[in-house]
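Look at the sequence and the structure shown below. The paragraphs after them go through the two chains in turn and then take up the interface and a few details.

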Amino acid sequence: MKQDKLVIGGHEFESRFILGSGKYNVELIDAAVKHAGAQMITLALRRANSEGEGNILDYIPEGVTLLPNTSGARNAEEAVRIARLAREIGCGDFVKVEVIRDSKYLLPDNSETIKATEILAKEGFIVMPYMYPDLNVARDLVNVGASAVMPLAAPIGSNKGLVTKEFIKILIEEIDLPVIVDAGIGRPSQACEVMEMGAAAVMANTAIATAGDIVAMAGAFKSAIEAGRSAYLSGLGRVLSSGSAASSPLTGFLQE
Amino acid sequence: MAKINGEEVTNAAGKTIMEYLTEAGYDSRRVAIERNGSIIPKKSYEEVIITEADTIEIVSFVGGG
């Protein structure tokens, strides 16, 4: 069987689970990454603390691709500034563009996201924009050089699941780049469902960080994402519009 | 007085970036630095000298989604 790989900006990944690193103890990162089987992990950029606590980079297993986000950016200019600083730390060219100026629902500003994506793609970044699932915007992101699109399933951190399902489905059908569902996925079953639909990958943070057992939940998501991917590649069985279809032979009954 | 990460810092001016980072306890491999809006490349940390008028941001990665 042909190897099933996720390709983003020319880089190949076997895992289709992008793990977030927010809101849990850095000391759990190594175990969470391993249980998740994740090859990519998101990070945020903030003012550095001197001394004291260890740096998060010391807890991330070797070989895992870092995906810095531009959280905190309220417009394209701030996103570009954060992305450039993140790249300067020297951990690769990937960036998850995230531009948010709505502090209540944390919804992405799609038009500023397009602007930031265009600038950063031209500077050689591998840009993965977080977006509200709008087909026109996704097409614009493709045209300005995005390497994937990351539509939200529900508001960040809500664990509400596939609220935008129908619109994500449209993106999967129409956009040739990897469609990576980000934000709002709360349970493994929802991650599985979106993979069955043909999403290229799932990104999850809060669902793991707020679970009773963080490391075990990372493993549960891994299994769900793999199951959904296999189901998608297998081609789901058909659904009858009405009636039934026997699974056992309709001949040779004992009473005949 | 030089302003570093939003705070006025008295003992920074006159030092190189690398000297300041080391004294203040930052790991120079794990940070990026912006001075008056421009990024200072890592290779220049030994040469760039902080002045009283500088506004400097020292950033690093933290957990995030």
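**A walk through chains B and A**

Chain B carries 7 positive and 11 negative side chains, and the centres of these two sets are 7 Å apart. This is a predicted model, and the values that follow are computed from it.

We stay with chain B for its fold. Chain B contains one helix and five strands. Read from the N terminus, its elements follow the order β-β-α-β-β-β. The C-alpha atoms of chain B fill a box of roughly 35 × 25 × 20 Å along the principal axes. How does the radius of gyration of chain B agree with that of a compact globule? A compact globule of 65 residues would have a radius of gyration near 11 Å, and chain B has 11 Å, so the two agree.

Of its 65 residues, 49% count as buried. Among the contacts in chain B with a separation of 6 or more, 52% come from residues 24 or more positions apart. The accessible surface of chain B is about 3200 Å², and carbon and sulfur atoms hold 49% of that surface.

Next comes chain A. Chain A has eight helices and 10 strands. Its radius of gyration is 20 Å, close to the 18 Å that the globule rule gives for 256 residues, so chain A is as compact as a globular protein of that length. The C-alpha trace of chain A spans about 85 × 40 × 40 Å along its principal axes. Of the 256 residues in chain A, 51% count as buried. For contacts in chain A between residues at least 6 apart in sequence, 65% join residues at least 24 apart. Chain A exposes about 12400 Å², with 48% of this area supplied by carbon and sulfur atoms.

Now consider where the chains meet. How many residues of chain B are in contact with chain A? There are 24 such residues in chain B, and they touch 30 residues of chain A. The size of an interface is often given as the accessible area lost when the parts come together. Between chain B and chain A, the buried area is about 2300 Å², and carbon and sulfur atoms give 58% of this area. Three residues, B:R30, B:F61 and B:G65, supply 33% of the area that chain B buries against chain A, more than any other three residues.

One is helix α6 of chain A, residues 188-196, in which A:P188, A:Q190, A:A191, A:C192, A:V194 and A:M195 are buried. The cover over the buried residues of α6(A) includes α5 (165-174), β9 (180-182), β10 (201-204) and α8 (214-234) of chain A. Just after α6(A), A:G198 has a positive phi of about 110 degrees.

The other place is A:P61, in the loop between β4 (40-47) and β5 (65-68) of chain A. Is A:P61 buried or exposed? A:P61 counts as buried because its relative accessibility is 16%, and the cut-off for buried is under 20%. Apart from neighbours within four places in sequence, A:P61 is in contact with A:D30, A:V33 and A:K34. A:P61 and A:K122 are 61 residues apart in sequence, and their C-alpha atoms are 30 Å apart in space.

Methods
Residues numbered from 1 in each chain as written. Chains lettered and ligands numbered in written order. Predicted model: local features only at pLDDT ≥ 70, side-chain atom pairs only at ≥ 80, totals over all residues. Heavy atoms only, no water. Helix = DSSP H or I, 4+ residues; strand = E, 2+ residues; numbered from the N terminus. Rg over C-alpha atoms; globule rule 2.2 N^0.38 Å. Buried < 20%, exposed > 50% of the residue type's maximum accessible area, 1.4 Å probe, protein only. Contact = heavy atoms within 4.5 Å. Areas by Shrake-Rupley, 256 points an atom, 1.4 Å probe, with all protein chains shown as cover. Lys, Arg positive; Asp, Glu negative; His and termini not counted. Charge placed at Lys NZ, Arg CZ, Asp CG, Glu CD. Buried area = accessible area lost by both parts, 1.4 Å probe.
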